[in-house]
Amino acid sequence: MTVSTIEHAAHVVPAQPPSGMESLDIRKLGMWVFLGSDCVFFASLITTYFVNRPLILSGEPNPHHTLGINFTAILAFILLLSSLTMVLSLAAFQRDNITSGRNWLLATAALGTCFLGGQAIEFSNLAHEGVTLSSGLFGQCFLIMTGFHGTHVFIGVIWLLACWLFAGTGRFNSKNFIGVEISGLYWHFVDLVWVAIFTLIYLI
Amino acid sequence: MLMGATHFATPARRWAALISLTLLGLVGCDSRSPQSWVNPQGPYAATIYDLFLPILIAAVVVFVVVQGLIVYSVFKYRERPGGPPAQQFHGNLTVELTSTVITALVFIVVLAMTVNTQRVLSAPLENPPADAIHVKAIGHQWWWEFEYQDSGFVTASDMVIPTGTTVIVEVTAADVIHAFWVPMLTGQISAIPGRTNHIWLKSEKDGTYAGVCNQFCGIQHALMRYAAISVPRPEFDAWVERQRMAPVTPVSSTNADQSLVLQAKGAQLFAAGACKTCHMIRGTEAIGKVGPDLTHFSSRTSIASKTLPSTVENVKAWLRNPQAVKPGTIMPNLNLKEEDIDALTAYLCRPVDPSINSGCQVAPANAAKK
Amino acid sequence: MAVEIAPPVAPVRALDTHETPAYKESFLWEWATTVDHKKIGILYLLTGGLFFLIGGLEALLVRTQLMVPRSDFMNPDLYNQMFTMHATTMIFLAVMPINVGLGNFIVPLMVGALDMAYPRLNAFSYWLYLFGGIFLNLSFVMGGAPNVGWFGYAPLTENQYSGSGTDFWVIGLQVLGIASIAGALNFVVTILKMRAPGMTFNRMPLFCWATLVTAILVLFAFPAITIALFLVMFDRHFGTSFYNAAGGGDPLLWQHLFWFFGHPEVYILILPAFGIISEVLPVFSRKPIFGYSFIAYSSVAIGFLGFTVWAHHMFATGMGDIANTAFATGSFLIGVPTGVKIFNWIGTMWGGSIRFTTAMKFAAGFIGTFTVGGLSGIMLASPPVDFQMTATYFVVAHLHYVLFGGAIMGLFAGLYYWWPKMFGRALDERIGNWHFWAQLLAFNITFFPMHWLGMEGMPRRIYTYFPNQGFDFWNPVATIGSYLLGGAVLIFVANAVITAFRPADATDNPWEASSLEWATTSPPPAHNFDVEPVVYSRYPLWDISEEDEHSGGHSPASTHGTTMTAVATVAKAHDEHGDAHETSAHAGGHGIHLPAPTIYPMILSLGVLILFLAVLFTPPTLKIVFVFTAVIYIVVSITGWVKEVTD
C-alpha cells in the first residue's frame, strides 16, 4: 500500500470496518455468541424431555402428581426479581453510583442463592416422593434439565460475587461497565431459560 | 512430457477412468457374491436395484463430464511460455444459473423416483397378501432368533422360507441395536430393543441367501450371520411340521444300542448341567432364553451363527471351547470332559427324522429336509 | 494533492531484536505460555499432524487384519478398538485441529488483524485439545481404548455392554467439545469484529467465509453431542435410563441427538477445505475465483441446511416413509449448492494461465476426488438405495472420498500454499510432486474398490469375513493401497523435515497472491502488520501490484516510518475495538499492544480434564471430595487468569 493510500485512508475511511456492528463491543459479542450456543444446549435437554413426555405423563411418578407449582412459582419470581436487581445494578454503575451498584449486585447474588436453596428443597421433596435420577423417565429428564440449569445459576452467582469484589476496587464506573453488562447478559439468559423450563414443564 | 514440467498427466487419469468404469460395469453385471445386492433375487431387492441403476448411470455421466472438464482445463489452460494471459472474468450468471438449475432438476427427478420406489416397497406391509407368512426376527448378541408366528415355534440362524411367498418380518432386538439384512432379497432394517420394525421379503428362486447383521453390535458383530433358505412350498410346510413336532427325549434301556445310550446320557447332562440356564429344548427342563433355542438343533445347517458348518466335529469343537471358535461369545468355556462332549454331541445331533438323514451334516440342497 | 512516496525499505524480519524480550526465556516456557495466534496455529498443526499419523497407523492395522479372510492378526476386541480410535482420532484429533491450526495462523492475517479476538482463550482451546487427545489415547494402556465405534450407538455404550473404554471416550469427547466451542467463539468474533478497514463481508476472502460458517456450525452442533454424552454418562454411572429400553428409555434418542451434531460435523470437516481451494485455485490460475458470491452464499446455505438432514444417517431405523422422504429431500437440496461449487471451481481454472505448483495439484485433484464422494453421497441420499448401502463398505468409500479425497487433499493444498508464510521457507516442489502423485494413486487404489465391496454386500465394522463371499480380491488390493498411502504421507513428512534445514528466505508473496496475509513478511512479525492495512477490493494485493506498475510503490509491510496518521489509525482502531489487551508488550515502537504470554490457559485446561476425571473415575465414597478439589483448582486458575487481565 503506498503512503498516498494510507493518507487517503486516514481521512476518508473509518477506523473500523463498516460491519454494522460498531456499537457491539467485542466482549459483548463473545457473550452473545456463547449464549447462542448455550441455547442449543438447553434446547437439546428440553427436547429430550418433550420427546419422552407422552411416556412420562402416563407413568409414575408423574409431574402432575408430584410437582408443586406454588413453591416453584415463588422460585421463578425470585429469579425474575434478581434480573430486575441486575438491571438496577448496571444502571447504578452507569451513573457512577458505585455503592448502589455493588449493593444491587449483592442482592442479585443473594436472590440467586435463594433460588438455589429453593431448588435444593424442591429436589429433596421430590426425592421423598420417589422422584430421583433412577426412578424412571420423569425423574431423570426433569432432574438433569433443572440440574444443569441450577449449575448455570451457581456459576452465575460466583461470577456476580467476583464482580462485586472487583467493583470494590473501583473497576466499574460510567466509563467502564462492560464487565457488569456482560455478567448481566449471562444472568438474564439463565433467568430466561428458567422461564422456559417453568412454562414448559410446570404449566403445560 | 516436458522434462521437469509439473503438469497433469492426462493419459493416466483417462486410463484410470476407463478401467474403473469397465470394472464397475463388470461388477454390476456379473457378481458371484452370495451377498451382492446388485444381483437381486427377490422383488424387494429388485425394486431397489431398478432405482439404483439409473442413478448410477447418471452419476457416471456426471463423473465423466466433471473429470473431463478438469482434465481439459488443466491441460488447455496451463501456463505456457508465450501463451495467452489468464482471462480475468469474475463469473458468468448464465453458467451459474444453468448449472444450478440442471443440478436441481436431476435431483428432483431422482427424488420423484425415490418417492415412487418407497411406495412400492411399503405396499406389501400396508396390504399384506393373504398367503404371507409371518416371522419375528430378534437380534441377540451375536445370533438371530426366528419365531415363526403362524406356527408357534422358535428356531435360530436358519430362516427357511417358501419360494414365491411374501414373508413379513417383524424385527426387534433383545439387547443392543442390530440390523436384519438379506442383501439379495431385501433392504436392511434396524433391530432396536424396545421397538418393533417391519420389513418383507420374497424369494423368486429356490436357494440359500446369505443374511448378515449390519449394525455394529459388539465384539462378534462380524460372526452374526444367518441364511434365508428358500424352498418350494410343500417342502417348507413339511419343515414347519417337523419343527413343530415335540422332540423325543432319548431314554436309555438295557438293550439299547450304543448311540442311544450316548444320546440319553447327553440328554441327562443337558437337563442337569449348565446348559439349561441359557438354552431351551422344548419338552425338557431346559428353558433358558439367553442363548439360541436348541430344539431340533440338528436340522440346522450351521452352528454359532454360520461360523462353522454343522458337523459332528464342529459341534464338538464348539463344546470344547466356544471362546476359541468365537472369542467373546457369551457362552463360557465349561471345561467339559471329552466323554461328556461326545454325549452331548450325540444328543444334539440326533436326527429329527431318521428316515431323512443322520443329523448334523451339512447338505445345502437338503437343508430343509432335515 | 501530490503523491508522496517513501523510499523502499527492507521489510521487517520476524527476528528483529526489538521483538525478543530482554531476558532469555526458555523455549518450552515460551511455547507453553504463548497467546500468539501464529504460534498456537503451529502447535495445532504439529499436534494434529502427529495424531494424523497415529490415526493412519490405526487404519493400517485395520487394513492388515482385513487383508485375508478369517485372519487372526488381531483379536476382535482389539480390532474394534482400532477402528473406533481411527475414526475418533482422525475426526477430532487430526482433521478438525489442522483446520483450526491453519485458520488460527491465517485468518487474523487475512482480515488484517493483529491476533484473534481472545488470544488467551485461543491458547486455552489448544491445551484442552492436547490434554483431551492424550487422555483419549491413554485408554490404550488403561483398560482398553473405546471399542464402541466413533458414533457409539446406545445401548452398546451402556455399562452392561461396554467397559471403561467408553468412559474414556465420553470424557475425551466432552473435553474436546469444550475446546472446539471456545475456538469457534474466537473465530466468529474475530471475523465479525476485527476485519481491516474497508473489508466488508463482500470483500472478505472465501477462506474466512468458510471459517466463519464452520465456527457457527461448531457453536450450534456441539451442544447437542455434549448433552448426548452427558446422558450416556448418567446412564452408565448415575442410574438413569435415557437410552435403555428396559428402563423406559429409547436407544434412538441417542441417534437423533448424535446425528444432529454429526451431520453438521461433516460440514465442519469439509468447509475449511472448500475455503482453501477457493483461495488456491485463483492464485495459481492467475484469475479471480469464478462466482465469488455464489461460493460465499452457498457455504452459508450448506451450513444452515446441514442442520436439517441429520436423519439421513437413520434411514434404515424404521422412521417411516414420510420422515425418510423429508430428510431425503433436504439431503438432495444440500447437494445443489455443493454441486454448483464444483462447477465454479472448474470455472476458476477455465481460461486461466495455470502454474502447477504442488498446492495447485492438490487443489485440482481435490475437485476430482471430492466429486466422486459427492456422487456416492447422492446415491446414499435416496432411502431405498440407502437400505442396501448403509453400513456397508460403500459408505466407507463415500466417507473417505469426501474426508480424505476432500478435506485432507484440501488441507495439503493449504499446507503447501501457506507453508512459506508460516515457516519462512517453501516445501520442496519436486518432493511435493512425488507426494501428490503417490497419494492420489494410492488413495484411489485403497478406496475405489470399496464401492464394489459395498455393492457385494460387505458390511462395515467387521473384524473378519469369510472366503468366497466376493470379498477376497478387493480387500487385499485395498490393503496394499493403504500401505502405499501411508508411504505417500511419509513423503510429505520427509518434505517437511528436509526443507526445515533450508534457509528461511521466503519472500512476502512468493505465489503472487492477492490476500492480506501476503502483505507482510514470511513469517510475519509478532504484531503481524507494521501498518494496519486498508482494503478497497477483494484482491487488495492485486490492486496494489497494478498500481505499483504505474507509481512504483510497494507492499504495505515494507512501508516503515509511516505518517503519524497511520499510527494513530492503528491505535485508534484498537481502542474502539474495546481493547481487551490491557497488558502490553510493545512491538517495534509502533504503539501496538500485544497480549502478554500467560500460563493460566494451560493450567485451567488441565483443571477441566481433572474435573471430568474426578466425576467419573473416583470411588463413590470419595467422589465429592475429588470433585470439590477439582472445582477449587478451576476457580483458582480462573482467578489467576482474570487477575492477569486486570492487573
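Student: Which helix of chain A gives the most to the nonpolar patch?

Tutor: Helix α4 of chain A, residues 69-94, gives the most, with four residues. One thing to keep in mind as we go: this is a predicted model.

Student: What makes F77(A), L81(A), L84(A), L88(A) and W104(A) a nonpolar patch on the surface?

Tutor: Together they have about 440 Å² of accessible area. To join a patch, a residue needs over 30% relative accessible area and no salt bridge, and nonpolar side chains are joined within 5 Å. L88(A), one of the five, is found in helix α4 of chain A.

Student: How do you know that E79(B) and R286(C) form a salt bridge?

Tutor: Their closest N and O atoms are 2.4 Å apart. The cut-off is 4 Å between a side-chain nitrogen of Lys or Arg and a carboxyl oxygen of Asp or Glu, so a pair like this passes. In general, side chains of opposite charge can pair when their charged atoms come close.

Student: Why is the pair R320(B) and E338(B) said to tie parts of chain B together?

Tutor: Let's start with the distance: their side chains meet in a salt bridge at 2.8 Å, N to O. R320(B) lies in helix α7 and E338(B) in helix α9, so the pair ties together parts that are 18 residues apart in sequence.

Student: How many residues of chain C and chain B are in contact with each other?

Tutor: 96 residues of chain C are in contact with 93 residues of chain B. The area buried between the two chains is about 7,900 Å², and carbon and sulfur atoms give 68% of that. The rule also finds 29 residue pairs in polar contact across this interface.

Student: Which helix supplies the largest share of the side of chain C that touches chain B?

Tutor: That is α9(C), with 15 residues. By class, that side of chain C has 54 nonpolar, 30 polar and 12 charged residues.

Student: What is the omega of the cis peptide bond that joins S522(C) and P523(C)?

Tutor: Omega is about -5° there. P523(C) lies in the loop between α14 and α15 of chain C. Another cis bond runs from Q141(B) to W142(B), with omega near 5°, and W142(B) is found in the loop between β1 and β2 of chain B.

Notes. Residues are numbered from 1 along each chain as its sequence is written. Chains are lettered from A and ligands numbered from 1 in the order in which they are written. This is a predicted model: local features need pLDDT of at least 70, side-chain atom pairs count only at pLDDT 80 or more; totals for chains, interfaces and linings use all residues. Side-chain values use heavy atoms; hydrogens and water are left out. Contact means heavy atoms within 4.5 Å. Buried area is the accessible area (1.4 Å probe) that two parts lose on being put together, summed over both. A polar contact is a pair of N or O atoms within 3.5 Å; within protein, one must be able to donate a hydrogen and the other to accept it, and residues adjacent in sequence count only if both atoms are side-chain atoms. Helices (H or I, at least four residues) and strands (E, at least two) are DSSP runs, numbered from the N terminus. Ala, Val, Leu, Ile, Met, Phe, Trp, Tyr, Cys and Pro count as nonpolar, Asp, Glu, Lys and Arg as charged, and the others, Gly among them, as polar. Patches are made of residues with over 30% relative accessible area and no salt bridge: like charges are joined within 9 Å, nonpolar side chains (Val, Leu, Ile, Met, Phe, Trp, Tyr) within 5 Å. Accessible areas come from the Shrake-Rupley method with a 1.4 Å probe; for residues, only the protein chains shown count as cover.
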